[in-house]
Every structure is written in structure tokens, then in C-alpha cells.
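Here is a short tour of one protein model. Please keep the sequence and the 3D view open as you read.

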Amino acid sequence: MPGPGDRGGKKEKPRDARGALRRVLRYLAAYRWMVALFLVCSLLSNLGNLMGPRFAGKAIGLAEAGYRMGPGHVDMAGVGRYALMMLACYGVGSVTGFLVSIGMMRVGRRVARQLRQDVFDKLMVLPVGYFDRHQAGDIISRVSYNVDVVCTCLSTDVIQILTSTVTVAGSFAMMCAISPPLVLCMAATIPASILFTRHMSRKTRPLYARRSAAYGEMNGFAEEMFTGQRTILAYAQENRVCGDFSRINRAAAEAYRDADGMGMTMGPTVGMISNFGLAAIGLGGSILYMLGVVGLEQISSFVLYSRKFSGPINEISNIINEIFSALAASERVFRLLDEPEEVKDVYGAAALEHCRGDVRGSGVSFGYVPGRTVLHDLSFEAKPGQTVAIVGPTGAGKTTIISLLMRFYDPEEGCIYVDGTENRAYTMDSLRRGYAMVLQDTWVFRGTIFDNIAYGKEDATMDEVVHAAKAARIHSTIMRLPQGYHTVITEDGGNISKGQKQLLTIARAMLYDTNMLILDEATSNVDTNTERQVQKAIRSLMAGKTCFVIAHRLSTIQNADHILVVDHGDVVEQGTHESLMLQKGFYYQLYASQFG
């Protein structure tokens, strides 16, 4: 179907990261009480970890004071108590931190499940045109990979960055309480770390967005090639396909390298800046110790707190990279969620009930791309019970007419009427339920043969399914399978032939109780003998129902009540087979080209 291609994400650019973050947090807000509880536990964990260095310093100070009085005057019991208190603090911090990690992992999984469900629900209401413009692999990448990246961020990074912030603030406060002069020794490294992290964050964010788009393109290409593997082998194009994938794979690897390579420089660089601060603390602390301004207890506690202060800064710089990667992924997900949905029912739309099958098109014009009209001023009429055939060369607009009948698209001009009422006045669901449809591209799903035939009729009985299968001339084939109607069809019908899949879809349409039927090259995958049998079955079972038939083999539509001959979007001729042959026009030429 015509439509501009979209290579998975080449045109995607980073957008509003703050907006993406707000939308992610809205999903997290559904579990705000759990997150609040985990945040409190995280604060307790940080409080325990912050108190540990204090007790360590007191133990060292008590040992130092005793040692100055003499080796035998060290209060080992007091030192042991402080050591036990330090271990208790670290123990409480570790246990609560473990509980927070487990809890946030569950919250992240729940958010991912909801986000993935919202994406899938959105896909079900997107117009057909969206799937014409986007590769299936790119869509799957958004549903799986991008959502998983967001889930990982919520599971680990959100709480981690909050607790790291608390640790930095708490450590700084403790350092100020211990020795303001020592704080001045490392004061220069703090703004340097912050400025460097901010600068690098601005550079890495677009790189992560490009990486996410490159992976979407690679997934789309791989899915496309796997689907057409037999065609690739038949035309011996393995080397060319491998070369194309190598190029796309190289671009994805380079995007990954650029993003992660840039991001990985943040942690070590911030760590180096922090080490300069630690060296300054060691030098300044030794001078202050010799001057008697600070004691060994204060220096040891300060050094431990400085490590706790600089450690989270390094973590935050690394987490920021992961957050920007998650935001780039979430932008792709939210971009899909923001896509305009299929045309909604108009106000006061009525359900199509007791459909007679009177279908008429008046002055219909349509184009997939603005300014490029595919159908021009198309008019036709199908009386109840008539079979209307639509013929014409490839690209003439035959399938487009079917898409308009089903309201996959709406006309730009003109109207289509069903039972005398414009089809837009009916609810979308009831209108589409009025048609049974068999396409040239067969679709079966993983499940039993019974489930596939009964797909459109939930309350179908085995007798009804068997009757439809017999009418479609596939019953005997089904009975030769190991479990008959309970045989499970593998993914995409890999364990049955293409012709058998076609017959299954015909049986599905026959079982569907409607007054209108659409057959788009419905017998293209069956042999000539079976085709004649199926045509007889269709005519007998669909008697009294309106049928729209698209066929390239004109021998299959000679008995149609009315034939529309379409060329370049125009109905150039219409009438019965006999009347069109007598005109010796375009239809006559098509027929002569097939039968001489």
C-alpha cells in the first residue's frame, strides 16, 4: 500500500526530556505510597550509613586518647562498643537498602507492565496508515526494548539518585559539623564536579536518543529480513543482505559507542576530581593536626565522610547517563502513545444492525499522501445479494477501495453509503462487523485450527466450524493432521502450507455471520481445481449476501453481477462480463491478455 517509508527512527530527534520525565513519574505516581515507604526506608539506610563513620571516628579517638596515656590505658571495651555500634549502623543500612532494592524492582516491573499494556492498547486503535509507515521491528522495539530500559531506570536509578542526594547532603552537613576548615580544603572540587557533570549531561543526552533510534532501525531491518528469508535465499541475495545489515549494525554500534563512550568518561573524571579533593584533605588535615586545630578522631571521620560525599557524586554522574538513556527510550514510547488515533465515531453514531448489504459510493476521492490522489471521483453501487468484482492492473486502486469500505481510511471527498446511510454515521465497530474479509496476505495465529476458524465468532460450535471447513474444502486435510481440529498451528502457520492457510481464512469468513463479504485475491494461493471448488462453495454459502471480489484472474469473476474496471484510480468501465466483452474496451484487452 502506498505510503512513505520510515526506517525505524532515522528522523527521530531528542525532544522534551523534562516532559518525558514528568510522564514517567506519572506512571510512578500510581505507586506513590509504596515509593514513599521505600524512600523512608532509604533514608533510614542512609542514616545508618552516615552514622557509621561517626562511631568509627569515636573509636579511633578513644583509642588515641588511651594510647597517649600509655599502651595499657586503651579502653578496649569502649572501642569495641563503638565498633559494634558502627557495625549495627552499617547492618541496618544494608538490610533496609536491600529491601528498598527489592521493592523498587517490583514497582518498576508493575510500571513497565502498565506502560507496555498502554502501548499495546494504543497500537490497537492506531490507524492502518501508521503501520504502513513504520516497520514492525521498530514498533516491537518500542514495546519491548524501550519499555525495559525505562523499567530498569525506575527499578534502580530513581531511588538511587534520591538516596545519593541525601547521602551527599548528609555527608556535607557532617563534614561541616566536624571541621569547617577541612571543608574549605575540598571546596574547589565540589563546583568543578557539578559543572563537569552538567556539561557532559548536555552532550550525552542527544547521543542516547540517537542510540535508541539506531537500535529501533536495526530491529526493524532484522524483522523485515527474517520475514522474507525465503525470498532472499531464492534470489541469492544473502551477501547483499548481510552487507546491508553490517552497515546498519555498524551504525548502531557506533551510536552505542558514542553514547556510552562519552558517558563512561563522566564517572572516572568526577572520581579524579574527588581524589584531588581527598589529597587536599590529607594535606590540610595534617597541617591542622600539627597545629592542634583538629584531632585524629575528626580527621578519620572527615576522610570517611568525604568518601561518602564523593562516592555518590560519581554514582550520580553514571546514573545521569542511564536516566538520559531511559528518557530517550521513553520519548520513543510516548511518541507512539501520542500518535493520533483512528477516526473516532461521530457524535450520535448508530450501530449497524440488520444490515441488508446495500452499498453505494458517490464521488469518492482519496490519497494516502496529501496532494497525491489515488482514487478520483469514484462512484459505484452494489445491491443486496450482488457480487461486485473489482478488476484492473496492479496499482489501479482496487485494494484502496476495500480499505475505504472497511473505513481503514476515510474519503477526502465524496461518501460511501451502507443501507442508504453514510458509513461514517455508523459506529466503527458495528460497520466492520458487517463485513467478513479474506485477504491475499493470509493471517493465522498460534493456536488450534478450531480457534483460528472460529476467530470471528466466539460462541462457534464444533459442528459450525466443521461445516465451514467442509465448505472451504479443507476438512479432509484437517482430519489427516495428528490432532485434527485440535492441532496447534505454530507461529505464522509454519507447519501448514500457504494454500492451507488460505483455505483456513476462507473457512473463517464463511463461519462469520454477515451480509457483506470482501475477497481480496482470496484464492491466489490455491490450485486451479481447488479454486473452482471454493468458488462454488462461496457462491452457495454467500447466496443473498453482498460480495466484493478483487481478482487478477478474470476467469473467477465472470459470473459476477457487476464488474468495476479500475485504472489509475478511475472506474473506466463497468457492467457484466458479457456487456464489457462486447464493448471491446479496457476489460476486453485485460481478458484477451490472459486468454488470447
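Where is the place of aspartate 419? Aspartate 419 sits in the loop between β4 (413-418) and β5 (421-422). Please bear in mind that this is a predicted model.

**Two residues with positive phi**

The backbone at aspartate 419 deserves a look: its phi is near 55°, a positive value in a residue other than glycine. Histidine 568 also has a phi near 55°, again positive and again in a residue other than glycine. Histidine 568 belongs to the loop between β11 (562-567) and β12.

Are these two residues buried or exposed? Aspartate 419 counts as buried because its relative accessibility is 16%, and buried means under 20%. Histidine 568 has a relative accessible area of 60%, so it is exposed; the cut-off for exposed is over 50%.

**A patch of negative charge**

Strand β12 (residues 570-575) includes aspartate 570. On the surface, Asp570 gathers with Asp377, Glu412 and Glu413 in a patch of negative charge. How accessible is aspartate 570? Its relative accessible area is 30%, so aspartate 570 is partly exposed.

**A nonpolar patch**

Elsewhere in the model there is a nonpolar surface patch of about 780 Å². Its members are Ile60, Leu283, Ile287, Tyr289, Met290, Leu291, Val293 and Leu296. Which helix gives the most to this patch? That is α10 (residues 266-290), with four residues. Leucine 291, another member of the patch, is found in the loop between α10 and α11 (296-337). With 63% relative accessibility, leucine 291 counts as exposed.

The table brings together the residues whose accessibility has been discussed.

| Residue | Relative accessibility | Class |
|---|---|---|
| Aspartate 419 | 16% | buried |
| Aspartate 570 | 30% | partly exposed |
| Histidine 568 | 60% | exposed |
| Leucine 291 | 63% | exposed |

**An enclosed helix**

Now turn to helix α17 (residues 498-511), which has 14 residues.

Why can α17 be called largely enclosed by the rest of the structure? Because 12 of its 14 residues are buried. Among the buried residues of α17 are Leu503, Leu504, Ile506, Met510 and Leu511. The buried list also includes Lys501, Gln502, Thr505 and Arg508, as well as Gly499, Ala507 and Ala509.

Definitions and conventions:
Residues are numbered from 1 along each chain as its sequence is written. This is a predicted model: local features need pLDDT of at least 70, side-chain atom pairs count only at pLDDT 80 or more; totals for chains, interfaces and linings use all residues. Side-chain values use heavy atoms; hydrogens and water are left out. Patches are made of residues with over 30% relative accessible area and no salt bridge: like charges are joined within 9 Å, nonpolar side chains (Val, Leu, Ile, Met, Phe, Trp, Tyr) within 5 Å. Accessible areas come from the Shrake-Rupley method with a 1.4 Å probe; for residues, only the protein chains shown count as cover. A salt bridge is a side-chain nitrogen of Lys or Arg within 4 Å of a carboxyl oxygen of Asp or Glu. Lys and Arg count as positive and Asp and Glu as negative; His and the chain ends are not counted. The place of a charge is taken as NZ of Lys, CZ of Arg, CG of Asp or CD of Glu. Helices (H or I, at least four residues) and strands (E, at least two) are DSSP runs, numbered from the N terminus. Buried means under 20% relative accessible area, exposed over 50%, partly exposed in between (1.4 Å probe, protein chains only). The expected span of a helix is 1.5 Å times one less than its number of residues.
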